[in-house]
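Please look over this structure with the notes below.

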Amino acid sequence: MTTFTDQIHQSAAPLWQKSFEHPFIHELQAGTLPADVFRYYLIQDRYYLSEFGKLHELIAQQVDNAQDKAFLLAGAQGLKDGEIAVREGFFEQLGITDDELASTPIAPTAYNYVNHMYAELYRGTPQQAIAGLLPCYWLYNQIGQQLVAQGSPDQLYQRWIETYDSDDYTQSVDQMIALTNEAATQVDAAGRDKMQTAFVRSSAYELAFWQMAMDKQNWRATA
Ligand SMILES: Cc1ncc(C[n+]2csc(CCO)c2C)c(N)n1
């Protein structure tokens, strides 16, 4: 049986394929990604991760099912203890200070991606917001699984890859997929279309995020 998440996954497949083939991912695996590009990605992603955690808490306030609420709150906590904590080690190794984090402008794509997720919640529904969170979990898991087989010669890049291939993380992806399928049963067909749109938009922002880092995107007209 085709599930709702199979269906939305299918509709975003060309975008996902472009992420799999993106030079950022290719160079990460080959170990040739310039250190300054990775550094830039990490700084922008720090903002993304903390907003992503807040979104879990805000969506949790709006869902009725106690188990779903608990899963979302655990996700917010898991981010703090997991991904955000792992990144602290990266920051130390790369000499990224709190001052630098605070003084680096948020790039357009990171800003737009985060705002898109807030819009799905506040101008849409919690179900749309849940669909908007899913590509983040699922795409990174697929990338982690694809890259871990070959590994990267760069130790730091290898650690990044391994973050997204752990059993615990894969389990949280499965739970997020189940939560999205459940959310799809709570809305009508028009609501499911909006969930699909939220999922596709997040998938497009995931793709744009790699390019943002390669371009060191900024708000000026020229780079
Ligand atoms: C732009 C961007 N998209 C996705 C992730 C991956 N990610 C962020 S939060 C989370 C949930 C559990 O840790 C996952 C998988 C990232 N780091 N940056």
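1. Start with α4 and α8: they are roughly parallel to each other, because their axes cross at an angle under 35 degrees. On that scale, over 145 degrees is roughly antiparallel, 65 to 115 is roughly perpendicular, and the rest is oblique. The crossing angle of α4 and helix α8 (residues 108-124) is roughly 5°, and the axes come within 10 Å. Axes here are lines fitted to C-alpha atoms, for helices over the stretch in contact; angles run from 0 to 180 degrees between N-to-C directions. Helices are DSSP runs (H or I, at least four residues), strands are E runs of at least two, and both are numbered from the N terminus.

2. A word on the model. It is predicted: local features need pLDDT of at least 70, side-chain atom pairs count only at pLDDT 80 or more, and totals for chains, interfaces and linings use all residues. Residues are numbered from 1 along each chain as its sequence is written.

3. Which residues join α4 to α8? From α4 come Q44, Y47, Y48, E51, L55, L58 and I59; they meet A110, Y113, V114, M117 and L121 in α8. Contact means C-beta atoms, placed from the backbone, within 7 Å. The residues of this contact divide into 10 nonpolar, one polar and one charged. Nonpolar covers Ala, Val, Leu, Ile, Met, Phe, Trp, Tyr, Cys and Pro; charged covers Asp, Glu, Lys and Arg; the others, Gly among them, are polar.

4. Now α3 and α12. Helix α3 (residues 23-30) and α12 have axes that come within 9 Å and cross at roughly 70°. The two are therefore roughly perpendicular to each other. P23, F24 and I25 in α3 meet W210, A213 and M214 in α12. By class, that contact has six nonpolar, no polar and no charged residues.

5. Check the span of α12. Its 27 residues should span 39 Å at 1.5 Å a residue, and the end C-alpha atoms are 39 Å apart, which agrees. The expected span is 1.5 Å times one less than the number of residues. K216 follows α12 and has a positive phi, near 45°.

6. Finally, the ligand. It is surrounded by 13 residues, and the closest are E83, C136, Y137, Y140 and F209. Near means a C-beta atom, placed from the backbone, within 6 Å of the molecule. The elements that give two or more residues to this shell are α4 (35-62), α9 (126-148) and α12 (189-215). The largest share, four residues, comes from α4. By class, the shell has eight nonpolar, two polar and three charged residues.

Notes
Two residues are in contact if their C-beta atoms, placed from the backbone, lie within 7 Å.
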